[in-house]
Amino acid sequence: MAKTRDGLFNCTLRKRRIMFGYGSTRDFARALGVCDSQVHRWETGQMYPSMPNIIKIEKLLQCRMADIYEPLN
């Protein structure tokens, strides 16, 4: 996994997660099949998700990964 400092990705991932009813990182992590610390690292900009996790995120949040780089209003 690559390190990131991309605040837009982190912020939009969190907002989209909450918008789709995953109020906590734990709930989202369980749905993805990862530990909640993994989701925390993505949302704090410490790491990017792996490709298999990106595919799962796209399905759960009904978007393309590129959409997570677009700011939500």
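**Figure 1. Cys-63 in the segment after helix 4.** Cys-63 lies in the segment that follows helix 4 (51–60); helices here are DSSP runs of H or I with at least four residues, strands are runs of E with at least two, and both are numbered from the N terminus. The model is predicted, so local features need pLDDT of at least 70 and side-chain atom pairs count only at pLDDT 80 or more, whereas totals for chains, interfaces and linings use all residues. Residues are numbered from 1 along each chain as its sequence is written, and side-chain values use heavy atoms, with hydrogens and water left out. With a relative accessible area of 9%, Cys-63 is buried (buried means under 20% relative accessible area, exposed over 50%, and partly exposed in between, with a 1.4 Å probe and protein chains only). Leaving aside neighbours within four places in sequence, Cys-63 is in contact with Arg-16, Glu-58 and Ile-68, contact meaning heavy atoms within 4.5 Å. Arg-16 and Cys-63 stand 47 residues apart in sequence, and their C-alpha atoms are 9.5 Å apart.

**Figure 2. Arg-17 in helix 1.** Arg-17 belongs to helix 1 (residues 7–19) and, at 3% relative accessibility, counts as buried. The side chains of Arg-17 and Glu-43 are joined by a polar contact of 2.6 Å; such a contact is a pair of N or O atoms within 3.5 Å, where within protein one must be able to donate a hydrogen and the other to accept it, and residues adjacent in sequence count only if both atoms are side-chain atoms. Not counting residues up to four places away in sequence, Arg-17 touches several residues, including Tyr-22, Phe-28, Glu-43 and Leu-61.

**Figure 3. The buried face of helix 3.** In helix 3 (residues 36–43), the buried residues are Gln-38, Val-39, Trp-42 and Glu-43. Seen down the axis of helix 3, these buried residues fall within an arc of 135 degrees, so they line one face of the helix; the arc is that of the directions from the helix axis to the C-beta atoms. Gly-45, which follows helix 3, has a positive phi, near 80 degrees.

**Figure 4. The packing of helix 2 and helix 4.** Helix 2 (residues 25–32) packs with helix 4 at an angle of about 110 degrees, their axes being 10 Å apart. Axes are lines fitted to C-alpha atoms, for helices over the stretch in contact, and angles run from 0 to 180 degrees between N-to-C directions. Phe-28, Ala-31 and Leu-32 in helix 2 meet Asn-53, Lys-56, Ile-57 and Leu-60 in helix 4.
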